[in-house]
Amino acid sequence: MRFLRRLVVRAAQELAANPEARAKASQVLEENIKPRAKKAWQQAQPEIENAKQGVKSYAKKLRDEYRKGRG
């Protein structure tokens with residue numbers, strides 16, 4: 001395992017030192033990764049909102065049950 005870690009670190013150092021590789025990585029990031037991430041984030045928003053509403057309703061139900069027991 002230590003060997004693989006050293007290998008990965010060494011490869012990352014080599015790529016960081018290579019300006020052509022850094023330029024290509026930047027291009028891939030801007031053209032491929034960022035648009036896909038934005039699209040995935042937009043598609044996830046309805047599910048996130050649904051989960052948020054579910055948590056809020058559960059918290060309200062729990063709070064009401066707790067308050068009912070206090071009286």
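Helices here are DSSP runs of H or I, at least four residues long, numbered from the N terminus. The model on screen is predicted.

Stop 1: Select Met1, Phe3, Leu4 and Leu7. These residues form a nonpolar patch on the surface, and their accessible area together is about 500 Å². Leu7 sits in helix α1, which covers residues 2–17. With a relative accessibility of 46%, Leu7 falls in the partly exposed class, because that class lies between 20% and 50%.

**Stop 2: helix α1, Arg10 and Glu14.** Show both side chains. They meet in a salt bridge, with an N to O distance of 2.8 Å. Arg10 and Glu14 are four residues apart in helix α1, so about one helical turn separates them. Glu14 is partly exposed, at 44% relative accessibility.

**Stop 3: helix α2, Glu30 and Lys34.** Move on to helix α2, residues 19–70, where Glu30 and Lys34 lie four residues apart, about one turn of the helix. A salt bridge joins Glu30 to Lys34, and the closest N and O atoms are 3.0 Å apart. Both ends are partly exposed: Glu30 has a relative accessible area of 44%, and Lys34 one of 38%.

**Stop 4: helix α2, Glu65 and Lys68.** Stay in helix α2 and select Glu65 and Lys68, three residues apart, about one turn of the helix. Their side chains form a salt bridge at 3.3 Å, N to O. Lys68 is exposed, at 59% relative accessibility, whereas Glu65 is partly exposed, at 46%.

**Last check.** How many salt bridges does a search of the whole structure find? The search finds four, among them Arg10–Glu14, Glu30–Lys34 and Lys68–Glu65.

How values were computed. Residues numbered from 1 in each chain as written. Predicted model: local features only at pLDDT ≥ 70, side-chain atom pairs only at ≥ 80, totals over all residues. Heavy atoms only, no water. Patch = residues over 30% accessible without salt bridge, like charges linked within 9 Å, V, L, I, M, F, W, Y side chains within 5 Å. Areas by Shrake-Rupley, 256 points an atom, 1.4 Å probe, with all protein chains shown as cover. Helix = DSSP H or I, 4+ residues; strand = E, 2+ residues; numbered from the N terminus. Buried < 20%, exposed > 50% of the residue type's maximum accessible area, 1.4 Å probe, protein only.
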